[in-house]
Amino acid sequence: MFRWDDVPMVGRAGELARLLAHVDRAAEGRTSGVLLAGDAGVGKTRLLDELTARAVEHGVHVLSGHCVDLGEVGLPYLPFVDLLRPVAADPTLAPTATAHPALAALLAGRPGPPAPPPGAAERGDLDRPLPHRAAPQPVDDGRLQLFEAVASLLCELSAAGPMLVVLEDLHWADRSSRDLLRYLLARLVDEPIAVVASYRADDLHRRHPLRPLLAELVRLPGVERLELAPLSDAEVRDLVRSLAGPDGGVPEATVDDVVARAEGNAFYAEELLAASRRGETLPPALTDVLLARVEQRSSEAQQVLRIAAVAGRRVRHELVSAVGGLPPDGLERALAETVHNHLLVVSGDGRFRFRHALLREAVLADLLPGERVRLHASIAAHLAATPGDGTAAERAHHARESNDLPAALTASLEAAEEAGRIGAPAEQLQHLETALALWSAVPDAARRAGRDQPRLLFEAAAAARKAGELHRGVALLRSALEALGPHADAAERARVHYTLAQALDRIEDLAGARRESEAALRLVPAQPPSEVRTWAVATAARMNYSLGRMADGDAAAEEALAAADALGLDSAWSDTAVSQARARGDGDPVGTRRRMEEALQRARRSGDVDVEMRVLYNRATVAFEQGQIEETLVWTRRAAARARELGQEWAFYPAELRHLQVMALYVAGEWDASLAEADELARVPEMAAHVRAAGLLVQVGRGDPAAVERLAWARGLAPRLNTHMLLTLVVAAAEIDLAAWEGRPETAVEVAERATRRLRELWTTDHLAVLRLSATALAPVADAAAAARLVDDAATADHWAGRGGSLVGAARSAVDVFTAAVGEMGIEAKAWLARVEAEAARLEGRAAPELWQAAVDGFGFGHVYEQARSRWRLAEALLAAGDRAGAAEQAGAAHEVAVRLGAAPLRTAVEALVRRGRLDADLPGVRRGPDPTAVLTPREAEVLALLAQGRTNRQVGAALYISEKTASVHVSNILAKLGANGRTEAVAIASQRGLLP
């Protein structure tokens, strides 16, 4: 019988055409990507084989990689090792690969040598916690260099011609491989490369780590998701007949049975047909069908399959030989039998793999528990004896599955070390946590690990912070405290306490941070000065300043600065200087900058990356708060480059800097760059979700329908990240803006009030962000009040005046609290306050062009969009005051910005104002409002004017000396011409169209 691979592909013509279109796009010099989804066995591999063959026929270079299922233990970058290995093995391509030193370990399939640590004398030995640090010093793990090296290598290879990169079984990909794929698809834009990645859609449960990545990737330009649906019954029928061979010979009843049972799954159909041809009773489940084929083989072949199933999707000949215990000739016969019967196939690298993952899963599930444990133990022993045949991660997996917990602990720690060296912090944390889970079951765990459990917990917490998993880091630090106990060394306990305080501060738990900081201070005396005490008091200064306890903050800061100088602790001095400058430097901007510059120099001298990033973040923040947007971008770009250089892109401060850069670009009117920055490398760590969420501001400002989906994603994080105030603020701001443009004032008010309450709870003295929330929510509320007044609906107008009044009150209260506790507001806050006051006047029915001019001037510091939005309202106020020339000028300026930014809602609003007011603004494609007589008859125009005054039909008739019935007819005509459902709506539409006098 023919194999599925041997016959022409059945169906899939449309899907193949779409994939080939992406290859054609790559041939034209544009990077392209496809995420190929489908259930297990539906035909993804067959389709990719066909695509590969077609691509090769057209001179496209193809690289393929496969992911492997190792349960919870990941093999970092395995699919990329797989696809790049042929490059290293090809004599013509090897020089290109070896030109990238960062790829040496990757191409060899094993971790490289440890990265050299920073050369700071203060840093000390990384194998033990540093007494003067909040956490061990980060090491340059080469993560960015590795990512960039892979990208560069692909670009260089594609320079010779278009390239197709195929990644299979992405649902099994480790996190580092997912991050690298994300990086490549975001990084490669105008390169002749097409990337096709397949995954099992039926394996993706709600919390599968691949789901958020897929949602991110499909938003990238040139990337699409292709769902491989089951074959139709007719296509399965054609497939079955093709598989039967040229002479046919398959009874129609058999074809019907296969079609009915396969349910569109091509692999199911092939296996069912194979079983039927041997006269077997067709089992109801595919697993039984697969095992029926396995059980037809010899005992030696079945033994080989069992070993291969336990070893993984791919297995080396040497491992099967070592574990199986078969004589050489018997092993060769068994392997030949499995290959000839299409159970195993030989990969290009000489390894054996299951023809389909479902076959391996079926064999694995059929193993008895004792047999599975024995095989895992044998494989673990072989890997331990011959380290070159596998990685520490594989040894850890097999040792754990064989219940050899001591060996699993040792291998997990080795795997963590390897993951750290090759820039896979998530896998490093995973392996460390595996070791911690095994700790209590291994009697000599401390001896094997070379450190005690509290120190390992501290190390894992540092890895968690490096990977952006802040909440996990907090949990690990708390476990470290518990493991230390109350009678442990006071300095060790103090170090964990102040590190925990800093971690809690980063997740907005200020009360908890204060408790931990105070606990650290109680454990170490002020005299004699020590590194632990210096860091404890430096942390206390930060906590007190955050809580508005200025006197206590000053006292702690002075002690920390003096001790840091005495002990030569530059990093502690820098950290404290930043805390003090941010808390006390508002009145002396020049002095603040000078202090921060010294702090930056000292932080770099110390080699403390975390403190250096904190200084850079605050330096950029000061510039942003002073309205110096270009300078802000200089600092954020400088910091981002430094973070990439150090492999620390998603630690706390680098993530905050990326968010600040997204916001600064948005303010500067560089919306394309802002959105690109928000989406670039947007990734799993939830505490960095505000970076991607900030892209909502551009999407909502442009009226992009995709904003709704991103908003739903961001809202979904709220239950878990209710203390992540920056995420709350950016989501609330976007949601309010969206409601405002859609004319939903009640939603805008509810969102603003909810966010304001949360903001006051977490930031008691500095919640000036309420100004923005209130100002933007007031816009639709004032619109609703104005519409009610237009039809003399006093009750509705009063309702909205009351709702808006509470927003105005919240904004003014925030200003009072801030000025009393901190001092003068920054330039942006003043601009938002001017907007609040202007909206408050509009809420009361006052045009107040002078207040809107103040808002325009306020946003003149560089907030391009908000200044344009204020100009729109200023034009509206000037028109109401009779200054038509001024209104036209402001409308024209607002329109120019709206067009440049692609801000469709603002552009539409400005154009409606120009038409309604019949302004001579000379906007491209926009004519002044129509003459009422061009739409309505003179009598209808008179009736409409009376309707706008709230007159009834009877009152209209009396005023115009016509009958009530005639007035009713005119009203009906007006409603029909305007497409309105009622009198109030008709008046509103007429007002927008300039049909009212």
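**Entry 1. The end of helix 23**

Which residue just after helix 23 takes a positive phi? I looked it up in this predicted model. Gly-485 does, with a phi of about 80 degrees.

Then I went back along helix 23 itself. It covers residues 470-484, which makes 15 residues. From first C-alpha to last it reaches 21 Å, close to the 21 Å expected at 1.5 Å a residue. I listed its buried residues: Leu-470, Gly-473, Val-474, Leu-476, Leu-477, Ala-480, Leu-481 and Leu-484. Where do they sit around the helix axis? Looking down the axis of helix 23, I find them within an arc of 165 degrees, so they line one face of the helix. An α-helix has 3.6 residues a turn, so residues three or four places apart point the same way.

I also checked what covers those buried residues. The cover includes helix 20 (425-438), helix 22 (453-466), helix 24 (490-506), helix 25 (510-523) and helix 32 (652-667).

**Entry 2. The whole chain**

I stepped back for the overall counts. The chain has 49 helices and 8 strands. It holds 997 residues, and 57% of them are buried. The accessible surface is about 39300 Å², and carbon and sulfur atoms account for 52% of that.

Next I checked confidence. The mean pLDDT is 84, and 89% of the residues reach 70 or more. Helix 4 (residues 94-98) has the lowest confidence, at a mean of 68, while helix 42 (residues 849-858) has the highest, at 96. I noted one stretch in particular: residues 111-140 have a pLDDT below 50. That stretch still has 82 contacts in the model beyond near neighbours in sequence.

**Entry 3. Helix 19**

Helix 19 runs over residues 405-421, 17 residues in total. It reaches 24 Å between its first and last C-alpha, close to the 24 Å expected at 1.5 Å a residue. Its buried residues include Ala-408, Leu-409, Ala-411, Ser-412 and Leu-413. Glu-418 is also among them. I found helix 18 (392-401), helix 20, helix 21 (445-449) and helix 22 among the elements that cover them. Helix 20 and helix 22 were in my list for helix 23 too.

**Entry 4. A buried glycine**

I picked Gly-804, which lies in helix 40 (residues 794-821). Is Gly-804 buried or exposed? Its relative accessible area is 0%, so Gly-804 counts as buried. I set aside its neighbours within four places in sequence. Gly-804 is then in contact with Leu-778, Val-781 and Leu-843. I also checked Ser-774, which is 30 residues away along the chain. The two C-alpha atoms are separated by 8.5 Å.

**Entry 5. Salt bridges**

How many salt bridges does the structure hold? I read off 56. I followed three of them.

The side chains of Asp-575 and Arg-542 meet at 2.7 Å, N to O. Asp-575 is in helix 28 (residues 570-584) and Arg-542 in helix 26 (residues 531-546), so this pair ties together parts 33 residues apart in sequence. Both residues are buried.

Arg-758 pairs with Glu-761, with the closest N and O atoms 2.5 Å apart. Both lie in helix 38 (residues 745-762), 3 residues apart, about one turn of the helix. Glu-761 has 52% relative accessibility, so it counts as exposed.

Arg-869 forms a salt bridge with Glu-866, at 2.8 Å between the closest N and O atoms. These two are 3 residues apart in helix 43 (residues 864-880), about one helical turn. Arg-869 and Glu-866 are both buried.

Asp-565, Asp-570, Glu-598, Arg-602 and Arg-605 are joined by salt bridges that share partners.

Most residues other than glycine have a negative phi, and most peptide bonds are trans. I searched for exceptions.

Tyr-77 has a positive phi of about 65 degrees. It sits in the loop between strand 2 (61-66) and helix 3 (78-89). At 1% relative accessibility, Tyr-77 is buried.

Tyr-961 also has a positive phi, near 60 degrees. Its loop lies between helix 47 (953-960) and helix 48 (964-978). Tyr-961 is exposed, with a relative accessible area of 77%.

Which peptide bond did I find to be cis? The bond from Gln-527 to Pro-528 is, with omega near -5 degrees. Pro-528 lies in the loop between helix 25 and helix 26.

Notes
Residues are numbered from 1 along each chain as its sequence is written. Side-chain values use heavy atoms; hydrogens and water are left out. Helices (H or I, at least four residues) and strands (E, at least two) are DSSP runs, numbered from the N terminus. Buried means under 20% relative accessible area, exposed over 50%, partly exposed in between (1.4 Å probe, protein chains only). Accessible areas come from the Shrake-Rupley method with a 1.4 Å probe; for residues, only the protein chains shown count as cover. The expected span of a helix is 1.5 Å times one less than its number of residues. The arc is that of the directions from the helix axis to the C-beta atoms. Contact means heavy atoms within 4.5 Å. pLDDT is the predictor's confidence in each residue, from 0 to 100. A salt bridge is a side-chain nitrogen of Lys or Arg within 4 Å of a carboxyl oxygen of Asp or Glu.
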